[in-house]
Amino acid sequence: MTTVVERIKTGRPVFSVEFMPPRDEADEQRLWQAIRELEGLDPAFVSVTYGAGGSSRDRTLRTTGRLARETDLCSMAHLTAVNHSVAELRNVIGWFAEQGIRNVLALRGDPPGDVMGEWVQHPQGLAYAEDLVRLVRDLGDFCVGVAAFPYGHPRSADLDSDTDHLVRKLAAGADFAIAQLFFEPEDFLRLRDRVAARGCTAAILPGVMPMTTPKVLAKTVELSGADVPARIAARLDPLVDDAKAFRAEGIDLVTETCERLLAEGVDVLHFYTFNRSKATREVVARLGLVPARA
């Protein structure tokens, strides 16, 4: 298995995808259908999320391990520090190594239940994502990623302090960062510029998600922490009662965003899939990121 950094430094635009661990048997079938549908499009890597408080840890490990064993995809496991002692984290990281998983997204993580609730460090755990980055790097030959926030983390005082924190995570040994969702391409590009202005050259990947339904649009608001811009609302609000038209406009919007990012030199697009593949496949095909053999 290659590393994420090796897979994204190809000299041409590529895409990656993010999945969630399945909640039940039906969800697992949907997940693996999406994986197989996307596998032939040769994504640079696939990542598997980790529930708040480690709530889906076992499912994350099982899914990531199966990806490593049964597919040719480059897989990356998410790992959070929430509710885990250092000993538990060492065990999980050791399991990654045993499975041949070389890519880890190191996250402090959100409190279980209420993501905006008080974050409490495990008595024998870690306080910050940068501490988790160091632990992962100390325990093996891993490629490590971290999270970035175009609008700033909700707990950050301002964008400057949030950017400083991101740069510290990268300086601690992370190889790249994946940005949370955003609405306008300029929101991501300003984040990239803030990091570059601090002399950091690590890759920053934009996180994108096709806004195919009003529910997905609301999820984008939740995950980004930003309100829907008036420009986007003007295009989507009139279509809320027309599912087909809303989906088509949402696909157009995210495609336009991706086109702008590619034109600005972004060479990796990270798609949040919610374990569905169709919208992602449509967008990457429009962008010309599908290999000829597909």
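**Helices, strands and buried residues in a predicted model**

Helix α6 (residues 159–171) and helix α7 (residues 185–197) have axes that come within 10 Å and cross at roughly 65 degrees, where axes are lines fitted to C-alpha atoms, for helices over the stretch in contact, and angles run from 0 to 180 degrees between N-to-C directions. The crossing of the two helices is right-handed, a term used when the near helix is turned clockwise from the far one by less than a right angle. On the α6 side the contact (heavy atoms within 4.5 Å) is made by Leu159, Thr163, Leu166 and Leu170, and on the α7 side by Leu191, Arg194 and Val195. Sorted by class, this contact of α6 with α7 has 5 nonpolar, 1 polar and 1 charged residues.

This is a predicted model, in which local features need pLDDT of at least 70 and side-chain atom pairs count only at pLDDT 80 or more, while totals for chains, interfaces and linings use all residues. Residues are numbered from 1 along each chain as its sequence is written, and side-chain values use heavy atoms, with hydrogens and water left out. Helices (H or I, at least four residues) and strands (E, at least two) are DSSP runs, numbered from the N terminus.

Helix α7 also holds Asp187, which counts as buried because its relative accessibility is 12%, buried meaning under 20% relative accessible area with a 1.4 Å probe and protein chains only. Not counting residues up to four places away in sequence, Asp187 touches Pro150, Tyr151 and Phe182.

Which way do the residues of strand β4 point? Asn103, Leu105 and Leu107 point one way and Val104 and Ala106 the other, and all of them are buried. Since 5 of the 5 residues of β4 (residues 103–107) are buried, the strand is largely enclosed by the rest of the structure.

Strand β4 pairs in the parallel sense with strand β3 (residues 75–80) over 5 bridges, two strands being paired if DSSP finds at least two bridges between them. In this pairing Ala77 stands opposite Val104 of β4. Strand β5 (residues 143–148) also runs parallel to β4, to which 3 bridges join it, and Cys143 in β5 is the bridge partner of Asn103.

Together, β3, helix α4 (residues 86–98) and β4 make a right-handed β-α-β unit; with the strands pointing away from the viewer, the path from the first strand over the helix to the second runs clockwise.

Thr64, in helix α3 (residues 57–70), is buried with a relative accessible area of 0%. Leaving aside neighbours within four places in sequence, Thr64 is in contact with Val48, Ser75, Met76, Ala77 and Ile101.

Key:
Buried means under 20% relative accessible area, exposed over 50%, partly exposed in between (1.4 Å probe, protein chains only). Ala, Val, Leu, Ile, Met, Phe, Trp, Tyr, Cys and Pro count as nonpolar, Asp, Glu, Lys and Arg as charged, and the others, Gly among them, as polar.
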